[in-house]
Each structure stands twice: as C-alpha cells, then as structure tokens.
Amino acid sequence: MMSRQSIKTAHYQNREAFAAYLPALDFNGGYAYNQKDISIFSHDQYLPIKTFDPAKGTYEFSLVTNPETGMPVKGPDGQYIPKDVAYLPKDAMTYDIHNVFFGAVTLTQPLFMGGKIVAMNKITRYAEHLAEQLNNSEAENVVYAVDAAYWMVVSLKAKQKLAKSFVNLLDTLQHNVSLMVDQGVATRSDLLSVDVKLNSAQVDLVKVDNGLSLARMALAQVCGLPVNTVFTLADEDIDDATVTADIARSYDMEEVYSRRPDLRALEIGVNIAGQQKKVAMSDMLPKVALIGAYGFSNPNMFNGFSKNFNGAFSVGATVSIPIWHWGGNYNKYRAAKSEETIMKLRLSDARDMVDLQVNQASFKAQEARKTYSMTSTNLAKADDNLRTADLAFREGIATTDNVMEAQTAWLKAHSEQIDAMIDVQLCNTYLSKALGTLQYQYTQPDLN
C-alpha cells in the first residue's frame with residue numbers, strides 16, 4: 001500500500017513538473033504605514049521666470065536693475081536677483097503617504113531555461129516508472145513472504161499429524177507392554193522405557209501444536225489479516241510435493257533481466273541520473289523568460305498625486321547568462337556525471353548478482369527434488385522396517401528397544417520427507433522469483 005502511494009506521489013510530481021512549461025500567473029499585494037509625509041521641497045520655493053526678448057529672439061531671465069546704472073543687481077549671496085518669480089509653497093508639494101496600498105499581477109512565461117524544464121519532466125516521468133517497478137518488487141516480496149509462511153503452516157500441520165501418529169504408536173506399544181508385564185513376559189524396565197518415550201513424544205506434540213498456532217498467526221499477519229483469523233489452507237492435507245517441469249540448466253539472462261523489476265528499477269535510475277546531469281548542465285546555460293505585469297497602488301502618481309487605486313501594464317523579457325562562478329556549476333555537472341557512472345556500475349553489479357542468484361536457485365531446486373526423491377525411498381524402507389519390527393515383537397523375537405528404534409527411524413523418515421516436500425515448494429517459488437516469473441495480481445492505483 002505504501003509503494004502504491006509512492007506511485008501516486010511520483011505521478012503528481014510529474015504533473016507538477018509539466019506545469020513549468022506553462023505561464024505562471026501570480027498576485028502580490030501589500031499594505032504599508034509610514035510615519036511621515038513625503039515632501040519634495042524642504043521649504044517654500046521661488047523660481048525665476050523667463051520672458052521673451054524680441055530683440056534677441058530668446059527667453060531671458062527678468063532681473064532687478066539699478067535705476068541709475070541700469071545694471072542687474074546682485075544679492076548678498078552674489079547671485080543676480082530675479083525681478084519676477086513663481087512661488088511654490090512647500091505644502092503644495094507635500095504628499096500624504098501614511099497609508100499605502102500596492103499590488104501587482106504578474107505573468108511569467110519561460111522561453112528557455114537551459115533545458116532544465118525538459119530534463120525535470122523526464123526525471124519525474126522516469127520516477128513514476130521507477131515507483132511502479134519498486135511496487136512490483138514489493139509485491140514479489142509479499143508473495144514470497146506469504147509463500148514461506150504458507151508452507152511453514154503446511155509443514156507444521158503435517159508434522160502435527162505425524163506427531164499424533166507417533167504418540168498413537170507409542171501408546172499402543174505402552175498398552176501391549178503393560179499387558180506383557182502383567183503376564184510376566186516383560187520387565188518393569190521395558191515399560192518404563194516406553195513410558196519415557198511416550199512422555200517425550202507428547203511433549204513434542206504440544207510443541208508442534210503451539211508452533212502451528214504461531215505459524216498461522218504469522219501467515220495471517222503477512223496476509224494483512226487479524227492474527228486470530230481462523231482459516232484452513234488448501235494444501236494442509238498434502239501428501240506429495242508439486243513438481244513442476246524439469247529445472248533448466250541454463251537461461252536466457254537477457255530475458256531474465258527484462259523481467260526482473262529490481263533491474264528495471266536500476267535501469268530507470270541510470271536514466272534519471274542522465275537527466276540530472278542535464279539539469280546540472282542547465283546552470284551553465286542562458287535562461288530567457290517573458291514577463292507581463294499589471295501593477296497598481298493607492299495613492300498613485302499616474303496623474304498627479306491621487307489617493308485612489310490606479311495602475312498600468314508592463315511587458316518585458318529577462319535574460320540570465322552565467323559568466324563566472326569559480327567552477328561551482330561545472331563541478332556540480334561533473335558530480336552529476338560521476339553519479340551517472342555509479343548508477344551504471346551498480347546496474348552492472350546487480351546483473352552479475354542476478355546471474356549468481358539464478359544459478360543458485362536452479363541448483364537448490366534440483367537438489368531439493370533429488371532430496372525429496374531420496375526421502376521418499378527412505379520413507380518406504382522405514383515403513384517396511386516398522387511393520388517388520390511390530391511383527392517380530394508380536395512373535396516375541398524382538399524387544400521393546402527394537403520396536404522403539406524402528407518407530408524412531410519411522411518418525412525421522414517421515415519428518416525428513418515433510419521437510420523435503422516443503423523445500424521443493426519453497427525452492428520452486430524462489431526460482432520463480434529469481435527468474436522474474438513469480439505470478440501476482442497487480443492493481444493500478446487510482447491516479448485521479
């Protein structure tokens with residue numbers, strides 16, 4: 001369930017990356033309180049005025065002249081005194097900016113970002129495929145864990161039956177020896193030996209019962225069920241191992257590679273590393289974007305000083321060209337290139353490990369089949385030996401020790417046959433997992 005959520009996460013991140021192709025529309029606004037008004041002049045101003053001189057054909061300052069000499073008069077500061085001035089009071093050029101409201105709506109369209117947007121879209125698309133492969137790998141792990149727990153229950157169920165049969169054999173022997181003791185044809189020591197063996201078998205039966213209960217809980221847990229769930233397995237009464245087709249001696253490893261979700265995940269990781277290298281390269285390339293904005297404020301200065309909202313449009317373009325960063329961007333690119341090399345080496349190493357895993361799984365499956373065949377032969381001999389011992393005991397030519405030895409050998413042969421049977425099943429599952437042919441039902445998560 002967690003890996004399915006990871007698929008959703010990667011899918012939405014891919015959608016997020018695609019949005020970088022499209023224009024971004026944003027609004028920014030704010031309010032500011034200012035303690036003081038703003039004034040252009042520090043005090044009232046007197047501006048000299050020019051008048052038109054027809055003789056010269058130009059505008060000239062009108063200056064105060066000395067009536068006696070007709071020459072312009074200078075003031076205490078050494079400057080000529082204008083005759084006519086324009087009076088600009090300070091109050092007229094003082095503006096109330098105590099409360100200022102402002103805002104802007106901006107539209108940004110990337111034109112060229114050095115290939116970063118394209119690379120990020122490919123990375124997130126690869127990441128979605130990667131999440132799917134990891135989900136497949138997790139599903140295989142769950143199937144394998146369930147198989148292991150399943151066959152453990154089957155094994156303990158078979159051993160429970162075996163333990164009960166062994167207790168019944170010893171119980172029958174103990175009854176027969178008791179009768180022989182009463183008739184004087186067996187000793188008390190013979191009966192005590194059988195009693196000890198029977199008690200030991202009953203203890204082993206209790207252990208098997210407890211182990212079976214715990215194994216059922218473990219199976220329920222890996223199946224996502226409450227641990228106290230009561231269920232019956234289809235193979236609880238299995239007597240023979242399911243033997244599939246003959247185990248091949250060699251396999252087409254390229255096909256195995258293509259079926260293994262963990263290797264496909266590593267291949268996608270190599271592709272992601274290649275795109276990350278392009279992202280690092282984009283930091284060394286120019287970036288161009290188109291910008292449009294509508295800004296407004298209150299008060300505004302678009303038509304004199306007005307205490308109302310007013311604004312204007314503006315359109316432009318931005319260009320950013322990296323020039324010199326002391327090798328920082330280039331070293332970032334080289335680090336990304338090294339990461340790509342690491343991913344390729346990791347993939348190569350994983351393929352080598354898969355080769356080894358497939359060969360090991362094949363050998364183990366072949367060995368399990370041979371072992372099962374030998375235990376089946378030993379089981380037939382143990383059954384025959386037990387029948388012979390029982391018959392000899394009834395005829396009085398075998399002791400209780402001989403019978404118990406035959407029973408112990410019978411128990412061991414049956415136990416080994418059960419273990420070999422379960423080992424065949426588990427080795428088949430492990431080989432399927434190694435070959436990438438483990439069957440399971442995949443449910444695509446809802447990505448709406």
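**Close-up views of a predicted model**

Figure 1. Because Asp384 and Arg387 stand three residues apart in helix α6, about one helical turn separates them. In this predicted model, the two residues form a salt bridge, with the closest N and O atoms 3.4 Å apart. Asp384 is partly exposed, at 42% relative accessibility, whereas Arg387 counts as exposed, at 54%. Elsewhere, salt bridges that share partners join Lys116, Asp283 and Lys332 into one network.

**Figure 2. A salt bridge between Lys332 and Asp283.** The side chains of Lys332 and Asp283 meet at 2.8 Å, N to O. This pair links distant parts of the chain, the two residues being 49 residues apart. Lys332 belongs to helix α6 (residues 328-395), while Asp283 lies in the loop between α5 (261-282) and β9 (287-298). Lys332 has a relative accessible area of 44% and is therefore partly exposed. Asp283 counts as buried, because its relative accessibility is 14% and the cut-off for a buried residue is under 20%.

Figure 3. Glu255 and Arg259 are joined through their side chains by a salt bridge of 3.8 Å, N to O. Both residues lie in helix α4 (residues 253-259), four residues apart, which is about one turn of the helix. Glu255 is partly exposed, with a relative accessible area of 43%, and Arg259 is also partly exposed, at 28%. In the whole structure, a search finds 11 salt bridges.

Figure 4. Which residues make the nonpolar surface patch of about 720 Å²? The patch is made by Val319, Ile321, Ile323, Trp324 and Trp326. Val319 is part of strand β10 (residues 310-320). The relative accessible area of Val319 is 55%, so this residue counts as exposed.

**Figure 5. The second largest pocket and its lining.** The space in the second largest pocket is about 230 Å³. The pocket is lined by 14 residues, of which Ala158, Ile238, Asp239, His414 and Ile418 are the closest to its centre. Two or more lining residues come from each of the elements α2 (116-183) and α7 (400-435). Helix α7 provides the largest share of the lining, five residues. By residue type, the lining of this pocket comprises seven nonpolar, three polar and four charged residues.

Key
Residues numbered from 1 in each chain as written. Predicted model: local features only at pLDDT ≥ 70, side-chain atom pairs only at ≥ 80, totals over all residues. Heavy atoms only, no water. 1 Å grid on protein atoms, 1.4 Å probe; cavity = no way out; pocket = protein on both sides within 12 Å on 5 of 7 lines; lining within 4 Å. Points joined across faces, edges and corners; volume = space filled by probe spheres on them. Nonpolar A, V, L, I, M, F, W, Y, C, P; charged D, E, K, R; others polar. Patch = residues over 30% accessible without salt bridge, like charges linked within 9 Å, V, L, I, M, F, W, Y side chains within 5 Å. Areas by Shrake-Rupley, 256 points an atom, 1.4 Å probe, with all protein chains shown as cover. Salt bridge = Lys/Arg side-chain N within 4 Å of Asp/Glu carboxyl O. Buried < 20%, exposed > 50% of the residue type's maximum accessible area, 1.4 Å probe, protein only.
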